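Reader: I have a model open and would like to walk through some of its side-chain contacts with you. Could you take me through it piece by piece?

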Amino acid sequence: MTKEKIARINELAKKSRAEGLTQAEAAEQAALRREYIDEMKQSLRSQLDNADYIDEKGVRRPVSSLKKKN
């Protein structure tokens, strides 16, 4: 996400607190926030895909090999 888009998110947040947003601005804010969240999730997934952990036997394994426990 570009610095300009992050600045716009912050600008809209400040305006929202100060005076409120028009419907168009609220829609723009929602779209920018969704884009930001999606990019952050992708970044986290990428980091986890490249991360390792040491299991109880001392063997290095990729985090992606962990199985979800119920």
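**Charged pairs and their surroundings**

Author: To begin with helix α1, R8 and E11 both lie in it and sit three residues apart, which is about one turn of the helix. Please keep in mind throughout that this is a predicted model.

Reader: How far apart are the closest N and O atoms of R8 and E11?

Author: The closest N and O atoms are 2.5 Å apart, and R8 and E11 form a salt bridge. R8 is partly exposed, with a relative accessible area of 23%, and E11 is also counted as partly exposed, at 47%.

Reader: And how many salt bridges does a search of the whole structure find?

Author: The search finds six salt bridges. One of them joins the side chains of K5 and E35, at 2.8 Å from N to O. K5 has a relative accessibility of 31% and counts as partly exposed, as does E35 at 27%.

Reader: What about D38, which residue does it form a salt bridge with?

Author: D38 pairs with R34, the closest N and O atoms being 3.0 Å apart. Because D38 and R34 are four residues apart in helix α2, about one helical turn separates them. Salt bridges that share partners also join R8, E11 and E28 into one network.

Reader: Changing topic, is E25 buried or exposed?

Author: E25 counts as buried, because its relative accessibility is 15% and the cut-off for buried is under 20%. E25 lies in helix α2, which covers residues 23-49.

Reader: Then what does the side chain of E25 make a polar contact with?

Author: It makes a polar contact with the side chain of K15, at 2.7 Å. The side chain of E25 also reaches the backbone nitrogen of T22, at 3.0 Å. Leaving aside neighbours within four places in sequence, E25 is in contact with R8, L12, K15 and G20.

Reader: Now for the surface, which residues form the nonpolar patch?

Author: The patch is formed by I6, Y36, I37 and M40, which together have about 330 Å² of accessible area. Helix α2 gives the most to this patch, with three residues. I6 is found in helix α1, residues 3-18, and I6 is partly exposed, with a relative accessible area of 33%.

Note on methods
Residues are numbered from 1 along each chain as its sequence is written. This is a predicted model: local features need pLDDT of at least 70, side-chain atom pairs count only at pLDDT 80 or more; totals for chains, interfaces and linings use all residues. Side-chain values use heavy atoms; hydrogens and water are left out. Helices (H or I, at least four residues) and strands (E, at least two) are DSSP runs, numbered from the N terminus. Buried means under 20% relative accessible area, exposed over 50%, partly exposed in between (1.4 Å probe, protein chains only). A polar contact is a pair of N or O atoms within 3.5 Å; within protein, one must be able to donate a hydrogen and the other to accept it, and residues adjacent in sequence count only if both atoms are side-chain atoms. Contact means heavy atoms within 4.5 Å. Patches are made of residues with over 30% relative accessible area and no salt bridge: like charges are joined within 9 Å, nonpolar side chains (Val, Leu, Ile, Met, Phe, Trp, Tyr) within 5 Å. Accessible areas come from the Shrake-Rupley method with a 1.4 Å probe; for residues, only the protein chains shown count as cover. A salt bridge is a side-chain nitrogen of Lys or Arg within 4 Å of a carboxyl oxygen of Asp or Glu.
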